[in-house]
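Hi,

Here is the structure I promised to pass on. Have a look, and my notes follow below.

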Amino acid sequence: MATSAVAEGQQSLNGIISDPQSKNLTDLPTELLEHILCFPVLKNVDICNVSCCCKRLHDVCHERGKVWGHQYKLRWPRLQRFYRQNECCDWLREYKTRHRVGIQIRRTVESISKRFFTEVPCVGQVLGDSFAEIESLGMPEHFCEDELLFILNSDKSKSLTLKYYAKKILYFLRQQNILRSLKTFLEQPAEQQSALEGAILVDQYCNPLAEVTLNSVSAQLDEIAEKVKKMLKIKNSSHPSLRIAQGDCFVVEDFELQRQVVCALNSVLYEQLQYKGNESDYYNPLNSYIHQVLLRRTGIPISLSVLYMTLAHKLGVQVEPVNFPNHFLLRWCQKQRGSEDIYDYVYIDAFGKGKQLTAKECEYLIGHQVTADYYSAISTTEVLLRMVGNLLNIGKRGEGNEKSYQLLRDSLDLYLTINPDNVQYLLLQARLYFHLGIWPEKVLDILQHIQALDPSQHGAVGYLVQHTLEHIQHKKHPATPEVKKRSAAEHVEVQYSVGLIMKHKRSGYNCVIYGWDPKCTMSQEWITTMRVHQLSSGANQPFYNVLVQDGTCRYAAQENLEPHSAPLEIGHPEVGRYFSEFANDHYFANEELQTRYPEDMVETLATVQDLYHRLTPGSGTQDQAPATDQNNQQAMAM
């Protein structure tokens with residue numbers, strides 16, 4: 001139809017051209033005018049100007065018409081999924097709203113660095129006030145997210161500070177949505193709760209920037225189930241599981257038919273697809289995330305059990321989760337369903353390639369006896385608590401870096417959403433926030449809740465309340481940041497400047513400088529531990545704060561560093577906090593860092609140019625200073 005309309009329009013256009021009495025654009029059919037006005041070269045300003053020409057063109061460009069719909073979809077293609085195909089919508093209003101949201105979001109993100117910048121990184125730093133500010137704007141969430149994604153997907157090496165804070169805000173907004181979904185999920189009747197859906201919500205919360213959806217994971221499991229059916233068909237072409245359509249609730253009652261399903265499932269999952277328990281890297285949090293288990297085909301007992309149980313249910317076999325200590329299991333009833341006798345079940349070890357165990361063999365698995373209670377089936381909520389508890393333990397085992405603190409925070413949020421009155425974890429959350437120096441007002445709320453739940457905790461609560469109130473008072477009177485000028489007499493020995501990409505002479509790591517001190521400012525304990533006295537100049541030399549390629553932050557002596565002969569980007573998550581751009585051979589400090597080191601960028605540019613000339617063929621190569629000291633690898637507290 002569109003083709004015929006264009007053809008008709010072309011005939012009309014030819015008629016207009018051939019008729020000297022009729023040469024007005026407005027004489028063209030509406031369909032052809034819309035087609036012309038949807039050319040990609042025309043922008044929103046052009047459409048506004050056209051619509052102001054006359055009533056005819058104004059009507060063609062009406063707010064619910066094809067022209068503004070095309071402009072909207074052309075500028076913000078990611079938003080098309082929020083509209084039904086051929087939906088009648090006030091596209092002009094949508095366009096204006098999305099445009100206003102974009103301006104407001106960008107202003108808010110741009111203002112954050114000025115308000116929250118700190119020279120020394122704070123591990124797990126959150127920008128609670130700014131997040132609340134975004135929420136209080138009352139703008140459509142999908143518009144906010146689209147603008148944040150637009151910022152993140154712009155030129156890779158530019159606007160690094162803007163991207164840094166846009167990413168933090170997007171992380172927060174998505175997590176808030178996921179928490180709301182989790183609360184809705186937990187309000188459902190227990191029999192309607194799916195362990196797979198709950199596990200995906202946990203996955204999404206810990207990986208809010210990854211594109212993980214229930215539909216995508218279910219589609220992958222449907223593909224595996226189809227492979228199992230093909231295997232099953234070879235053994236028994238009339239098996240009832242072959243007739244189960246996706247989404248059907250069907251239970252195979254005959255035990256022999258169930259056994260055939262379990263054998264085929266084990267064969268496909270562990271032999272054909274090579275799924276296995278991750279024994280070599282057991283405490284990697286990726287083992288707990290369903291989308292990563294599917295991608296890497298490895299996991300821990302509980303994540304593999306959730307997949308196994310979901311697949312078994314799709315094929316008509318009812319297996320149940322068992323909260324066995326140290327090793328999560330599934331149980332498969334061999335007698336009448338609902339039996340309470342633990343010896344009426346076979347226990348399936350999804351981590352151990354689907355091995356079937358008796359109750360006694362389960363005890364051999366962990367090396368000690370347990371009571372019958374541990375063989376009972378558990379609810380989906382209990383499955384999620386076990387899964388989140390694993391992540392909590394991994395976070396507590398962490399090395400005190402950004403990733404481990406983030407994992408600890410995320411898993412605490414999840415655990416306390418599922419079980420909000422757990423005093424042990426409420427106290428851990430309060431202590432974590434206090435340690436990180438974040439959300440002091442929320443810490444007070446948590447402590448008040450703990451006191452109401454368990455008055456015996458008054459000692460720990462009182463201590464934290466006192467010091468949190470001191471922190472709040474301190475925030476009201478922040479210290480003026482120190483400004484370090486290279487021209488000052490006490491800084492004469494400082495050779496390097498912020499933004500320079502360096503190499504550690506002894507350890508070999510690549511890094512970028514984001515701060516410096518004319519002398520080592522660390523504690524005597526740190527100086528002793530790091531054997532700083534073994535350096536030729538000891539602690540009495542400049543030390544540099546550096547962001548290292550491996551994601552750590554370190555404090556390195558000047559004699560241990562040298563400018564990198566082949567500068568490269570440093571893949572550190574905190575780069576955007578300090579630098580606005582990667583300029584091929586150095587980083588350009590953002591406004592906040594330049595305020596603290598006002599003379600450094602001139603020095604950085606001079607150093608880079610000097611290095612370039614020295615390495616240019618025919619002009620000689622850079623002299624290498626000898627590496628004379630110990631390995632300075634200790635990560636500095638962020």
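First, a definition: axes here are lines fitted to C-alpha atoms, for helices over the stretch in contact, and angles run from 0 to 180 degrees between N-to-C directions. Helices (H or I, at least four residues) and strands (E, at least two) are DSSP runs, numbered from the N terminus. This is a predicted model, where local features need pLDDT of at least 70 and side-chain atom pairs count only at pLDDT 80 or more, while totals for chains, interfaces and linings use all residues. Residues are numbered from 1 along each chain as its sequence is written, and side-chain values use heavy atoms, with hydrogens and water left out.

Now the helix pair. Helix 8 (residues 141–152) and helix 9 (residues 160–186) have axes that come within 9 Å and cross at roughly 145°.

C144, in helix 8, is worth a click. C144 counts as buried because its relative accessibility is 5% (the cut-off is under 20% relative accessible area, with a 1.4 Å probe and protein chains only). Beyond its neighbours within four places in sequence, C144 touches V101, I105, M139 and L173. Its C-alpha atom is 9.7 Å from that of R106, 38 residues apart along the chain.

Then there's the sheet: open, 5 strands, order 10-9-8-7-11, antiparallel pairing (two strands pair if DSSP finds at least two bridges between them). Strands 10 (553–557) and 11 (561–563) are at the edges with a single partner strand each, so one side of each has no neighbour in the sheet. Strand 7 (residues 501–504) pairs with strand 11 over 3 bridges, and H504 has L561 as its bridge partner.

Cheers

Conventions: Buried < 20%, exposed > 50% of the residue type's maximum accessible area, 1.4 Å probe, protein only. Contact = heavy atoms within 4.5 Å.
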